[in-house]
Amino acid sequence: MTITHADTAARTPVPTQSTYQSRVADYWNAEENPVNLELGKIDDLYHHHYGIGDADWSVLDEPDPDRRRERVAGELHRLEHAQAELLASHLGDLTPSDRVFDAGCGRGGGSVVANLRYGCHADGATISAKQAEFANEQARKRGIDDKVRYHHGNMLDTGFTSGAYAASWNNESTMYVELDLLFAEHARLLRRGGRYVTITGCYNDAYGRASREVSLINAHYICDIHPRSAYFNAMARNRLVPVHVEDLTETALPYWELRRKADHLVTGIEDTFLNAYRNGSFQYLLIAADRV
Ligand SMILES: C[S@@+](CC[C@H](N)C(=O)[O-])C[C@H]1O[C@@H](n2cnc3c(N)ncnc32)[C@H](O)[C@@H]1O
């Protein structure tokens, strides 16, 4: 019997997800950290990223323990929200008919922020089925599910329509994937002149290789933090031309200082982040790029 190439291809099962990606999905399916859920409950905006800006330290002086916890959570949430707004402010002049792609969308806060700001359509993708379900339920409750949708899938291979997106982003989700594969997918989805934005932790090439702290963060989150240079190299190879680069490291410190004092919210990684930022081995960066 002769087997043609087409026959073979049709019969070969192609794994859609690597073992590593399944472990990442397991992590996010099981994740219920108070720092993510308690903060999200405040106004039903669920952010799974860190915060920026000056903190109101008076929250720590609150004498009533319950009220203190509430005020600290509120302040951390305000700083996380400021980070999401900063990212959204770099997405370009979007209109309600535009469509945006939220890659590695978590429980969905970023797409809601973009929709509230621009009235645009949004598609989020997360490798966690549980997160996608949770985020869709939130969109339904807000009455924006006609425009904001979350998909359980791999952001490297979304199946979404080529060139249909005016903007796209990764908010703290690039460290789970190979950058060339990720940026190829963004370049495919974005229309010419579309805007890509990422806010990410990266290790500092000027320091050298990944520091002990960076390795600890990798182990804590099951991720693989890239060096700063890798972003620009991979963007250049994938039709993404940086238009704005901002080092947010200094402005990220108050969030971590406050969070390490929030005994009901700490996850144990707070001091590692502070040490990594302070010893110069790790940077918190915003990169906005045009799809050319
Ligand atoms: C730190 S969370 C950030 C979530 C969200 N961007 C935010 O700012 O709230 C990382 C996210 O990346 C997602 N992720 C990791 N690898 C992925 C992949 N290959 N495809 C889709 N999502 C992925 C995880 O499911 C998780 O939602």
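A backbone N or O atom of Met155 lies 2.9 Å from a nitrogen atom of the ligand, a polar contact in the sense of a pair of N or O atoms within 3.5 Å. The model is predicted, with local features requiring pLDDT of at least 70 and side-chain atom pairs counting only at pLDDT 80 or more, while totals for chains, interfaces and linings use all residues. Residues are numbered from 1 along each chain as its sequence is written, and side-chain values use heavy atoms, with hydrogens and water left out.

**Ligand surroundings**
- Of the 21 residues around the ligand, His48, Gly104, Thr126, Gln131 and Asn171 come nearest, where a residue counts if one of its heavy atoms lies within 4 Å.
- An oxygen atom of the ligand is 2.7 Å from a backbone N or O atom of His48, and a polar backbone atom of Gly104 lies 2.7 Å from a nitrogen atom of the ligand.

**Helix H4 against helix H10**
- Helix H4 and helix H10 (residues 249-260) pack at about 155° with axes 10 Å apart, helices being DSSP runs of H or I with at least four residues, numbered from the N terminus, and axes being lines fitted to C-alpha atoms over the stretch in contact, with angles from 0 to 180 degrees between N-to-C directions.
- H4 and H10 are therefore roughly antiparallel to each other, the term for angles over 145 degrees.
- Val72, Glu75, Leu76, Leu79 and Glu80 of H4 meet Tyr255, Leu258 and Arg259 of H10, with contact meaning heavy atoms within 4.5 Å.

**Helix H4 against helix H5**
- The axes of H4 (residues 65-89) and H5 (residues 109-118) come within 10 Å and cross at roughly 60°.

Definitions and conventions. Helices (H or I, at least four residues) and strands (E, at least two) are DSSP runs, numbered from the N terminus. A polar contact is a pair of N or O atoms within 3.5 Å; within protein, one must be able to donate a hydrogen and the other to accept it, and residues adjacent in sequence count only if both atoms are side-chain atoms. Angles under 35 degrees count as roughly parallel, over 145 as roughly antiparallel, 65 to 115 as roughly perpendicular and the rest as oblique.
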